[in-house]
Every structure is written in structure tokens, then in C-alpha cells.
Amino acid sequence: MIETKVLVAALRKHRFNYSNEKDLQEGIEAALMAHAIPFEREKILGGKHGTIDFLVDGRIGVEIKIKGSPSGVARQLVRYVECDAVTELVLITGRMLLGRLPAVLRGKKLTVVNLWETFL
């Protein structure tokens with residue numbers, strides 16, 4: 001079982017070069033593969049939950065946001081945590097405002113990886 005801190009450390013070590021969300025998804029996929037972290041890309045969660053960018057280890061949802069309002073992103077993340085298969089979330093973003101989202105959504109942990117930190 002992959003721990004969230006191992007996943008986040010692997011993502012923070014990686015230097016992403018992207019101009020859009022699709023490029024960033026490919027970079028994240030490469031980082032996960034380089035660290036032998038099991039994942040499913042564009043995982044359909046079903047029903048009202050929608051499709052999340054990655055489902056790591058069958059339980060950690062990883063969502064990428066380079067655009068969008070904090071309230072819109074929060075609504076989307078709440079849909080994901082309402083899915084029983086998702087035990088916690090990791091949000092990857094370059095938007096400082098999204099780093100202010102709560103650390104817990106509906107009882108499930110949310111970790112924000114700010115892409116600016118990967119440049120430091």
C-alpha cells in the first residue's frame with residue numbers, strides 16, 4: 001500500500017514542464033511510473049462522481065487543476081470524496097488560491113501539491 005507522503009514526495013521531486021493540463025497529466029504519469037507507483041489514469045468513478053485524473057493504488061484520488069475558481073474546484077473534489085473508492089485526495093495545482101482549500105473534505109484528507117514548490 002502506497003502512503004500519501006510517499007506519493008507527494010515523488011511528485012514534489014519531479015520538475016514538470018507543461019503548457020496545459022494534458023501536458024501536466026503526462027508529466028505526472030511519468031513521475032508515477034518512475035517511482036513504480038501503481039495508478040489508473042482518467043479513472044471513471046461512476047454515477048455523479050465523474051472521472052478523476054488519477055486513482056493511485058486503487059484509493060488515492062489525484063486531481064490536476066491549473067484553472068478554475070476555488071469554489072468550482074472544491075465542488076468537484078467533494079464529488080470525488082463522496083465516492084467510497086476514494087479514501088483521500090491529492091490536488092496538484094499551480095494556483096496559490098487553491099492551496100487554501102481545507103485539509104479535510106467530508107471526513108477525507110486533502111493534500112495540496114503546489115507546483116511552485118517543485119521549482120524551489
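The model is predicted. Strand 6 pairs with strand 4 in parallel and with strand 5 in antiparallel fashion. Gln25 is buried and makes a polar contact with Asp53. The structure holds one aromatic pair, formed by Phe39 and Phe54.

**Strand 6 and its partners**

- Strand 6 spans residues 108-114. Six of its seven residues are buried, which leaves the strand mostly covered.
- Strand 4 covers residues 88-93 and runs parallel to strand 6. Five bridges join the two.
- Within this pairing, Ile92 stands opposite Val113 of strand 6.
- Strand 5 is made up of residues 104-105. Two bridges tie strand 5 to strand 6, and the two run antiparallel.
- Leu105 has Lys108 in strand 6 as its bridge partner.
- Strands 5 and 6 form a hairpin, with two residues between them. Arg106 lies in that turn and has a positive phi of about 50 degrees.

**Gln25 in helix 2**

- Helix 2 runs over residues 21-34 and includes Gln25.
- Is Gln25 buried or exposed? Gln25 has a relative accessible area of 6%. The cut-off for buried is under 20%, so Gln25 counts as buried.
- The side chains of Gln25 and Asp53 are joined by a polar contact of 2.8 Å.
- Which residues is Gln25 in contact with, leaving aside its neighbours within four places in sequence? They are Arg41, Glu42, Asp53, Phe54 and Ile64.

**The aromatic pair**

- There is one aromatic pair in the structure. Phe39 and Phe54 form the pair, with an edge-to-face arrangement. Their rings are 5.7 Å apart, centre to centre, and 70 degrees lie between the planes.
- The pair links distant parts of the chain, 15 residues apart. Phe39 belongs to strand 1 (residues 39-44), and Phe54 to strand 2 (residues 51-56).
- Phe39 counts as partly exposed because its relative accessibility is 23%.
- Phe54 counts as buried because its relative accessibility is 0%. Phe54 is also one of the residues in contact with Gln25.

**A charge over a ring**

- Which ring does the charged end of Arg79 sit over? The ring belongs to Tyr80. The charged end of Arg79 is 6.0 Å from the centre of that ring.

Note on methods
Residues are numbered from 1 along each chain as its sequence is written. This is a predicted model: local features need pLDDT of at least 70, side-chain atom pairs count only at pLDDT 80 or more; totals for chains, interfaces and linings use all residues. Side-chain values use heavy atoms; hydrogens and water are left out. Buried means under 20% relative accessible area, exposed over 50%, partly exposed in between (1.4 Å probe, protein chains only). Helices (H or I, at least four residues) and strands (E, at least two) are DSSP runs, numbered from the N terminus. Two strands pair if DSSP finds at least two bridges between them. A polar contact is a pair of N or O atoms within 3.5 Å; within protein, one must be able to donate a hydrogen and the other to accept it, and residues adjacent in sequence count only if both atoms are side-chain atoms. Contact means heavy atoms within 4.5 Å. Rings of Phe, Tyr and Trp (its six-membered ring) pair if their centres lie within 6.5 Å; planes under 30 degrees apart count as stacked, over 60 as edge-to-face and the rest as tilted. A charge sits over a ring if NZ of Lys or CZ of Arg is within 6 Å of the ring centre and within 35 degrees of the ring normal.
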